[in-house]
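This briefing describes a protein model by topic, with the criteria behind each term. Please consult the sequence and the structure shown below alongside the text.

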Amino acid sequence: MTDHTQEDPDAALMPRVADGDSAAFRLLVDRHADRLLGFAQRMLGDRATAEDVVQDTYLSLWRKAGDWTPQARVSTWLYRVARNAALDRLRRLKPTVDPDDVTLIDSGPAPDRRLHDEATAGKVRAALDALPERQRAAIVLVHYEGLSGADASAALDISVEALESLLARGRRSLRQALEGQRAELLGETR
């Protein structure tokens with residue numbers, strides 16, 4: 001793996017956090033909290049549980065900052081910790097979240113599309129929830145969080161080739177689960 005200290009603005013903060021520098025810790029929290037919360041919420045389907053996962057992630061950061069090595073970006077390391085915490089919660093919480101109970105923030109253009117958008121989001125969420133955990137995590141990291149293949153594979157602690165395989169299987173499963181609903185999901189009329 002490569003040394004990310006030159007390209008990672010967070011790398012310089014980690015030794016400071018390891019030394020107990022609360023200002024450096026706060027800066028890392030401010031930089032990553034929203035994205036980690038979004039990631040955890042997509043993994044879990046529940047905001048309150050996702051907030052707990054993010055808290056656990058930052059507690060791990062505070063306690064284990066000295067263990068971080070520059071082979072991975074700090075953000076990648078945080079995603080890995082958050083993913084593991086989310087998977088632990090999922091294993092403890094099973095049954096899955098009812099997609100009808102998931103509230104997504106709607107920044108859509110027209111209020112009259114809200115019901116359609118919520119129904120579409122529910123169907124996609126249900127299909128995403130039905131994926132195996134590793135496929136779901138790969139899809140969320142790459143397509144929802146915008147991580148590169150290298151960063152997503154590092155967050156999942158797998159090779160880039162294994163990530164690509166998970167993505168391909170996950171996309172195929174999503175396509176099959178949503179097959180026949182394309183026009184409806186896209187709001188197309190016949």
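**A137 and its surroundings**

Leaving aside neighbours within four places in sequence, A137 is in contact (heavy atoms within 4.5 Å) with M43, R83 and L156. The model is a predicted one, in which local features need pLDDT of at least 70 and side-chain atom pairs count only at pLDDT 80 or more, whereas totals for chains, interfaces and linings use all residues. Residues are numbered from 1 along each chain as its sequence is written, and side-chain values use heavy atoms, with hydrogens and water left out.

- A137 belongs to helix α6; helices (H or I, at least four residues) and strands (E, at least two) are DSSP runs numbered from the N terminus.
- A137 has 0% relative accessibility and therefore counts as buried, a class defined by a relative accessible area under 20% with a 1.4 Å probe and protein chains only, against over 50% for exposed and values in between for partly exposed.
- F39 and A137 are separated by 98 residues in sequence, with a C-alpha to C-alpha distance of 8.8 Å.

**Overall make-up**

- The protein contains nine helices and zero strands.
- Of its 190 residues, 41% are buried.
- Of the contacts with a separation of 6 or more, 68% are between residues 24 or more positions apart.
- The accessible surface of the protein is about 10,900 Å², and 50% of this belongs to carbon and sulfur atoms; the areas come from the Shrake-Rupley method with a 1.4 Å probe, and for residues only the protein chains shown count as cover.

**Nonpolar core**

- A nonpolar core is a set of buried Ala, Val, Leu, Ile, Met, Phe, Trp, Tyr and Cys residues joined through side-chain atoms within 4.5 Å.
- In the largest such core, M14, L61, L141 and L163 touch the most other members among its 50 residues.
- At least two residues of this core come from each of α1 (13–18), α2 (22–44), α3 (47–64), α4 (74–93), α5, α6 (133–144), α7 (149–156) and α8 (160–177).
- Residues up to four places away in sequence aside, L141 touches F39, Y79, G146, L147, A152, A155 and L156.

**Buried arginine**

- R125 lies in helix α5, residues 114–129, and is buried at 7% relative accessible area.
- The side chain of R125 reaches the backbone oxygen of R42 at 2.5 Å.
- The R125 side chain also makes a polar contact with the side chain of D129 (2.4 Å); a polar contact is a pair of N or O atoms within 3.5 Å, and within protein one must be able to donate a hydrogen and the other to accept it, while residues adjacent in sequence count only if both atoms are side-chain atoms.
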